[in-house]
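Subject: Structure handover

Hello,

Here is the structure I promised you. Please open it next to this email and follow along.

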Amino acid sequence: MVNNDVRTPCCGVKNHPQFTKLDAYIDTLQIDPEDPHRKETLIATLHQAQEIFGYLPEAVQIHIARRYNIPHADVSGVISFYNFFTTTPKGEVQINVCLGTACYVNGADRVLQDFEKALGIQAGKVSEDGRFSLDSLRCVGACGLAPVVTINQKVYGKVKPGEAREILEKYIVEEGSKGREVTHEQN
Amino acid sequence: MNKIETPTQLMELYDQYKSLLSARLGTEITDETLVILVCGGTGCQSSESERIVENFKQLIAAHGLDGRVHVSITGCFGFCEKGPIVKVFPGNVFYVQVKPEDASEIFEQHILQGKKVGRLLYEEPTTNTKSETADDIPFYKRQLRVALRNCGLINPEKIEEYLGAGGYQALSRVLLSMTPQQVIEEMKKSGLRGRGGAGFLTGKKWEFASRFESEEKYVICNADEGDPGAFMDRSIMEGDSHSVIEGMIIAGYAIGAHQGYIYIRAEYPLAVKRLQIALSQARKYGFLGENILGSGFSFDIQIRLGAGAFVCGEETALIHSLQGLRGEPTTKPPFPAESGLWGKPTVVNNVETLANVPVIFQKGADWFRSLGTETSKGTKVFALAGKVANVGLVEVPMGTTLREIIYDIGGGIKDGAEFKAAQTGGPSGGCIPRAFLDTPIDYESLSAIGSMMGSGGMIIMSDRDCMVNIARFYLEFTVEESCGRCTPCRIGNKRMLEILTDITEGRGSEEDLVELQALAETIVDSSLCGLGQTAPNPVLSTMKYFMDEYEAHVKEKRCPAGVCQKLLHYIILPEKCIGCTSCSRGCPVGAITGSVKQVHTIDESKCIKCGVCMNRCKFGAIIRQ
């Protein structure tokens with residue numbers, strides 16, 4: 001089922017605004033479907049796509065594969081290899097506990113447990129209402145602030161076990177006015 | 001600004017811009033202007049240093065002092081423990097832990113009235129004396145900043161300041177007065193070795209790549225700093241992007257490449273942004289592109305993002321990732337110098353290595369050789385973190401001892417604890433015990449004691465850290481990051497992790513220790529790439545120096561440092577318990593019984609060792625053993 005016209009978006013998503021945005025990005029790359037080096041921009045495109053869609057579902061993977069004129073397996077193989085890419089959606093509030101060495105020796109594992117308990121979810125999971133997701137990451141490079149927790153773009157430093165509840169408070173309160181706090185934090 | 005086409009034009013710009021920095025360098029005191037520098041490294045930015053800059057800007061504008069007082073963001077000052085940091089020139093006054101709202105106090109007292117704000121000056125903890133200038137601070141006294149020469153001095157987003165600091169003059173000298181062969185000879189003579197970990201002679205690497213005939217060759221900057229707890233490369237890229245770019249162009253000229261790539265972690269958005277700014281400025285000024293400085297040599301650089309895979313720090317894996325593939329390593333030879341990106345000769349150099357290159361051509365190979373030890377020349381940047389009092393970025397000449405780094409610069413161990421070990425080299429390195437505190441650090445001495453230089457992460461551990469648990473922590477990391485291509489690394493490390501988990505959870509036996517040792521040695525011998533070959537190092541080095549801790553775990557089911565939760569026992573001291581019921585109300589599993597005003601007891605069979613009871617007890621009646 002090779003689609004010879006790599007410009008045709010797949011699966012009836014032609015006018016979907018997110019796909020339009022992704023296509024606009026891919027257009028700027030001017031991919032030559034025969035160029036043996038064309039995959040060199042694939043990882044950058046996947047970064048873009050994940051930023052647009054929040055994650056990389058199969059429809060997006062297939063779309064990207066067609067635009068690059070490469071098998072879907074190549075795209076999915078790259079996605080599964082790199083930690084940064086996810087095929088499942090994350091929460092609106094993304095909590096990351098740094099488990100880099102500097103944070104770890106300063107008690108980051110107990111901070112993570114504290115967040116797991118406060119949110120009622122395990123690391124790597126999303127809360128049932130889709131509002132929170134909890135993950136660990138390796139070193140944000142702010143080791144002077146260890147242990148570090150990032151919530152969306154905001155960095156919380158020198159976090160102690162037992163403080164999770166307090167830190168999460170304002171994100172829980174915001175539940176009614178969905179996401180407003182998040183946008184504010186990014187500014 | 002027009003393109004610079006001759007070295008004379010470059011020198012004219014240098015003369016024009018050097019005064020930008022003279023106040024900061026103390027070479028020329030101008031009464032007219034005051035300069036406020038605010039650290040814009042990741043740590044300080046996380047603590048809202050950008051708002052400090054904004055507040056200063058508003059104050060300057062409100063007082064109509066626009067021409068007289070300059071405020072600028074700069075790269076990392078290195079003293080992350082005390083961030084955010086603000087420096088005021090002239091005087092090199094060093095303010096620590098500045099909050100956005102402190103800007104007005106600094107402005108009104110220092111800028112308007114010329115009086116230092118004592119409250120925000122650095123206080124030496126042992127003597128309680130305030131440091132009037134940055135030069136008085138012990139953290140900086142022992143350091144020698146070569147790779148970090150411009151970090152915290154220039155605004156990384158302004159090429160004018162880099163030019164004012166002598167930037168691109170090395171490139172000009174190389175392109176217009178040296179042959180590629182002379183460049184390689186100079187590099188070899190300098191003795192600069194790769195700062196990414198393995199320590200291969202940079203000049204030799206360039207020489208190999210230059211010998212292979214090919215129309216296309218590539219220079220790759222390895223900025224995939226994956227070692228958790230290391231942030232040297234990030235700070236260089238954020239604080240002095242142009243020095244890395246200049247180093248890459250020189251490397252390109254030496255080997256005959258016209259295209260360079262910077263492969264950088266996606267986790268470093270600020271570094272990516274600063275590099276992008278620097279690249280476009282360098283193109284505008286003609287340091288990148290066609291016919292650089294009228295020399296006839298052309299070179300350009302592109303940025304490529306990684307996507308979170310530790311193994312991509314290995315050069316063959318990195319090259320695969322650059323090609324849009326899974327970042328799996330391949331066996332060497334062929335080395336990238338012969339067959340790298342797209343099968344063409346390629347040089348892969350680390351960020352810190354490249355940042356050293358321009359200085360070598362500015363000050364000469366002999367000067368560089370004069371620093372360091374017999375086998376390891378120059379300086380090394382370490383990211384000092386963990387249980388040390390002064391967490392931060394430290395650059396010292398090779399041959400400096402651990403004791404000097406930890407005690408003289410790092411201020412000793414935090415919270416009055418005792419030093420136990422220093423971990424260098426990240427997941428590939430080892431733990432260095434107290435006995436080697438006075439070993440001069442260089443590539444050879446570190447590998448002789450079972451660790452390695454690595455990229456420069458240095459995590460300090462105290463008597464409150466369990467070495468078995470630390471080994472398990474690193475193994476967990478390598479198991480997660482193993483790409484799965486070869487069996488020893490994929491399965492062997494997983495087995496080691498299982499054994500270590502058993503030991504830390506009280507299920508370990510003495511036979512396990514024998515097996516652990518054998519497995520570790522096999523994995524070192526038989527893995528495909530550097531990741532697998534070095535993954536057992538944290539286990540081997542801790543077994544070598546801290547066997548007593550392993551034995552306590554397996555024989556006595558005891559964790560001497562009191563870290564491994566499953567081996568802990570919580571006990572209520574009857575003489576201190578007043579029966580307030582706070583502990584039993586807090587216990588998540590109902591393991592504590594006792595009524596009001598009666599001594600409580602913990603049921604060991606139910607206890608999950610979470611420590612909540614101990615935190616809740618206000619009378620110190622609960623202890624952990």
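Phe79(B) is buried, at 1% relative accessible area. Buried means under 20% relative accessible area, exposed means over 50%, and partly exposed lies in between (1.4 Å probe, protein chains only). Keep in mind that this is a predicted model: local features need pLDDT of at least 70, side-chain atom pairs count only at pLDDT 80 or more, and totals for chains, interfaces and linings use all residues. Residues are numbered from 1 along each chain as its sequence is written, chains are lettered from A and ligands numbered from 1 in the order in which they are written, and side-chain values use heavy atoms, with hydrogens and water left out.

Now the rings. Across all chains, the structure holds 23 aromatic pairs. Rings of Phe, Tyr and Trp (its six-membered ring) pair if their centres lie within 6.5 Å; planes under 30 degrees apart are stacked, over 60 edge-to-face, and the rest tilted. Phe79(B) and Tyr140(B) make one edge-to-face pair, with 6.2 Å between centres and 90° between planes. This pair links distant parts of the chain, 61 residues apart. Phe79(B) is in the loop between strand E2 (69–74) and strand E3 (86–89) of chain B, while Tyr140(B) is in helix H5 (residues 138–141) of chain B. Helices (H or I, at least four residues) and strands (E, at least two) are DSSP runs, numbered from the N terminus.

Is Tyr140(B) buried or exposed? Tyr140(B) is buried, with a relative accessible area of 17%. Tyr140(B) also pairs edge-to-face with Phe94(B), at 5.5 Å centre to centre and 80° between the planes. Phe94(B) lies in strand E4 (residues 93–95) of chain B and Tyr140(B) in helix H5 of chain B, so this pair ties together parts 46 residues apart in sequence. Phe94(B) is buried too, at 0% relative accessibility. Ring pairs join Phe77(B), Phe79(B), Phe94(B), Tyr122(B), Phe139(B) and Tyr140(B) into a cluster.

Two charges sit over rings. In chain A, the charged end of Arg131(A) is over the ring of Phe132(A), 5.6 Å from its centre. In chain B, the charged end of Lys380(B) is over the ring of Phe382(B), 5.8 Å from its centre. The test is NZ of Lys or CZ of Arg within 6 Å of the ring centre and within 35 degrees of the ring normal.

Next, chain A as a whole. Chain A has eight helices and four strands. Their order along the sequence is α-α-α-α-β-α-α-β-β-β-α-α. Of its 187 residues, 51% are buried.

How do the chains meet? The contact (heavy atoms within 4.5 Å) takes 36 residues from chain A and 53 residues from chain B. Together the chains bury about 3,500 Å², 56% of it on carbon and sulfur atoms. Buried area is the accessible area (1.4 Å probe) that two parts lose on being put together, summed over both. In chain A, Glu40(A), Phe81(A) and Arg138(A) lose the most area to chain B, together 21% of what that side buries.

Ser321(B) is in helix H13 (residues 315–322) of chain B. Ser321(B) is buried, at 3% relative accessible area. Leaving out residues up to four places away in sequence, Ser321(B) touches Ile43(A), Tyr82(A), Tyr263(B), Cys312(B) and Gly327(B).

Last, confidence. Chain B has a mean pLDDT (the predictor's confidence in each residue, from 0 to 100) of 93, and 99% of its residues reach 70 or more. The predictor gives the complex an ipTM of 0.86 and a pTM of 0.90.

Best wishes
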